[in-house]
Amino acid sequence: MIAFLERFSRKAAEEGVWPGILVGDISQPRGGPMLTGHASHQVGLDADIWLTPMPADLSATDREEMSAVNMVTDDGLSVDKSVWSERQAGVIKAAAQEPEVDRIFVNAAIKKALCEKHKGEPWMTKVRAYWGHNYHFHVRIACPAGETTCQPQEPPPSGDGCDKSLAWWFTDAALHPKLDPNAKPKLPITLAQMPPECRQSC
């Protein structure tokens with residue numbers, strides 16, 4: 001994943017798509033549950049890439065204190081045109097075109113904006129709507145070659161995702177999901193419940 005991010009950052013900058021990537025969560029150093037609650041960032045195959053262009057000057061303090069920019073309007077129905085542009089679409093496209101990228105998750109409003117200009121383009125198959133992801137896009141790469149313990153994801157559904165499956169994300173059920181008041185909170189995962197590889201010493 002680190003090698004991919006470094007190479008992708010150079011590619012995006014060289015092609016004039018993006019000045020450099022800002023990365024949020026990747027994983028814990030040795031995998032496992034994330035402190036921020038991410039269920040998916042546990043095996044080292046996921047990374048969150050901000051939709052905020054990297055500033056020309058970025059100090060160590062800036063890196064610790066700056067926040068990503070929200071690309072979606074408050075009602076969740078569309079992108080905020082004051083911050084969203086084809087530059088953001090371009091960096092998502094550049095990532096989706098990388099062969100090792102399996103899936104990209106974006107906010108439904110971002111997917112809708114991509115469908116308005118890029119419907120039918122092959123790379124759109126990899127880009128799927130999911131809750132959140134209004135500040136960043138989530139990249140999942142494929143299992144590394146020869147890694148027998150890695151279980152690949154199911155391939156994404158056929159088509160570009162600009163169909164009724166996208167329309168569902170703008171229904172009341174998706175925009176305002178009802179929480180079950182009787183649902184029990186999930187207990188934290190213990191080391192004993194994790195794969196044996198997580199218990200091996202360095």
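The model is predicted, so a caution comes with it: local features need pLDDT of at least 70, side-chain atom pairs count only at pLDDT 80 or more, and totals for chains, interfaces and linings use all residues. Residues are numbered from 1 along each chain as its sequence is written, and side-chain values use heavy atoms, with hydrogens and water left out.

I start with the fold. The protein chain has six helices and four strands; helices (H or I, at least four residues) and strands (E, at least two) are DSSP runs, numbered from the N terminus. Their order from the N terminus is α-β-α-α-β-α-β-β-α-α. The radius of gyration, taken over C-alpha atoms, is 18 Å, close to the 17 Å that the globule rule gives for 202 residues, so the chain is as compact as a globular protein of that length. That rule is 2.2 Å times the number of residues to the power 0.38. Of the 202 residues, 37% count as buried. Buried means under 20% relative accessible area, exposed over 50%, and partly exposed in between (1.4 Å probe, protein chains only).

Next, the salt bridges. Side chains of opposite charge can pair when their charged atoms come close. The rule here asks for a side-chain nitrogen of Lys or Arg within 4 Å of a carboxyl oxygen of Asp or Glu, and the count comes to five.

Which residues are linked in a network of salt bridges? They are R7, K11, E98 and E100. Within it, E98 pairs with K11, the closest N and O atoms being 2.6 Å apart. E98 lies in the loop between α3 and β2 and K11 in helix α1, so this pair ties together parts 87 residues apart in sequence. R7 also forms a salt bridge with E98, again with closest N and O atoms 2.6 Å apart. E98 is buried, at 6% relative accessibility, and K11 is buried at 17%, whereas R7 is partly exposed at 34%.

Another bridge joins E121 and K93, with closest N and O atoms 3.9 Å apart. E121 is partly exposed at 23%, and K93 is partly exposed at 28%.

Last, the surface. D57, D62, E64 and E65 gather in a patch of negative charge. Such patches take residues with over 30% relative accessible area and no salt bridge, like charges being joined within 9 Å. D62, in helix α2 (residues 60-65), is partly exposed at 33%.

Terms used:
Patch = residues over 30% accessible without salt bridge, like charges linked within 9 Å, V, L, I, M, F, W, Y side chains within 5 Å. Areas by Shrake-Rupley, 256 points an atom, 1.4 Å probe, with all protein chains shown as cover. Lys, Arg positive; Asp, Glu negative; His and termini not counted. Charge placed at Lys NZ, Arg CZ, Asp CG, Glu CD.
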